[in-house]
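Hi there,

Here is the structure I promised to pass on to you.

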Amino acid sequence: MTTVHRAPDALSAAPLTGPDFGSYTSDDVTWLLKDLSHVDLEADLAEREKAIQAGVAHYAESLPVEFQPDAAYQQLFDQALAESARRLAEAVGTVTELLIAERGPGLTLVSLARAGTPVGILIRRWAQRFHRRGWSHYAVSIVRGRGIDTVALNHITEYHPARSVVFVDGWTGKGAIARELTAALDAYAAAGGPRLSDDLAVLADPGHCLRTYGTRDDFLIASACLNSTVSGLVSRTVLNDRYTGAGEFHGAKFYRELASQDVSNRLLDTVTAEFDAAYDAALAAARRLTTVDRAPSWSGWASVDNVRAEYGISSVNFVKPGVGETTRVLLRRVPWKVLVRDADAPEHAHIRMLAAARGVPVEVVPDLAYSCMGLIKEQS
């Protein structure tokens, strides 16, 4: 297939790489983002939440203040990483082998920043280790309610065949981003862009809303425990007309000042060190997955809607299911309460610690479809 070359959107849309932007190496990832490190974008959590819920601001127009863990929480992260590294390596290997089996060996990885970025790096490393493939890997912005960065997509499809592009994220909750990706890629194709596959690849799909995954277990992915210090020191992505214009990528900040607390590369290296030991199990799991029906059932979305109705919550947007999403609620939203299936499950020990620190009640719900759920406080 011949790549269709088109004119760049703007000369200002220049890719970013470490060490100038982020703490990952230039081999690991190319950030298709605009550097907004000089802009004061952080807002008080409570004020930010109130503005978002009132509809006067979109969540992507500002950033929450970055949570920095105390010594006890950092120790819990260290323990979680050590205990989950093999399982993470198996999930990385499973999804990578599945991608190669079903999409072929010549892929272009496009991570959804920022949760997808460390996962994309690990998938790339697995392909290098066992298949001698040096896949290109980009990180792009997608914003719920506003779609994907089409300037970034134009850049990627300028240099790579559309059929090679695989979108990558960390995990699914109820599947909102999966739906956003499908709608965004449909709109991109309708506007004249090439048709890109919406078959999003993730490490964990507890929401049962994707067909390409490493596992459907709701387990702890250590990169969910922290913010930028486990994601290359890069912020959440920003889409704000004051700072990004036509022909420019969506924005993000590089938190250079947090370098002393950065564990991004330690996470990658710890999981990578388990690749050899995880290989046989990952290969067997991938082979099994190619033989079973993996069609999404969207059971996660249904269970979230049940919780929404039971607790009198106005929108499913205020219900965040799964270990990763619950952690995010406690790190950067205003939580109301946390629901857990098992009071003492090890995969959410860090969640219980965060909830205690913020005075958030934890309620045990034995028949919960996920290991845990975070409920966002509705602002009056």
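The notes below go through the ring pairs and the charges over rings.

Please keep in mind that this is a predicted model, in which local features need pLDDT of at least 70, side-chain atom pairs count only at pLDDT 80 or more, and totals for chains, interfaces and linings use all residues. Residues are numbered from 1 along each chain as its sequence is written, and side-chain values use heavy atoms, with hydrogens and water left out.

Searching the whole structure turns up nine aromatic pairs. (Rings of Phe, Tyr and Trp, the last by its six-membered ring, pair if their centres lie within 6.5 Å; planes under 30 degrees apart are stacked, over 60 edge-to-face, and the rest tilted.) One of them is the tilted pair of F130 and Y279, with 4.6 Å between centres and 35° between planes. F130 belongs to helix α3 (residues 116-131) and Y279 to helix α7 (residues 275-289), so this pair ties together parts 149 residues apart in sequence. (Helices are DSSP runs of H or I, at least four residues, numbered from the N terminus.) F130 is partly exposed at 24% relative accessibility, where partly exposed lies between buried (under 20%) and exposed (over 50%), with a 1.4 Å probe and protein chains only.

F130 also has R129 over its face, 6.0 Å from the ring centre. (This requires NZ of Lys or CZ of Arg within 6 Å of the ring centre and within 35 degrees of the ring normal.) Likewise, K337 lies over the face of W336, at 4.7 Å.

Finally, F21, Y24, W31 and F254 make up one aromatic cluster.

Best wishes

Methods:
Helices (H or I, at least four residues) and strands (E, at least two) are DSSP runs, numbered from the N terminus.
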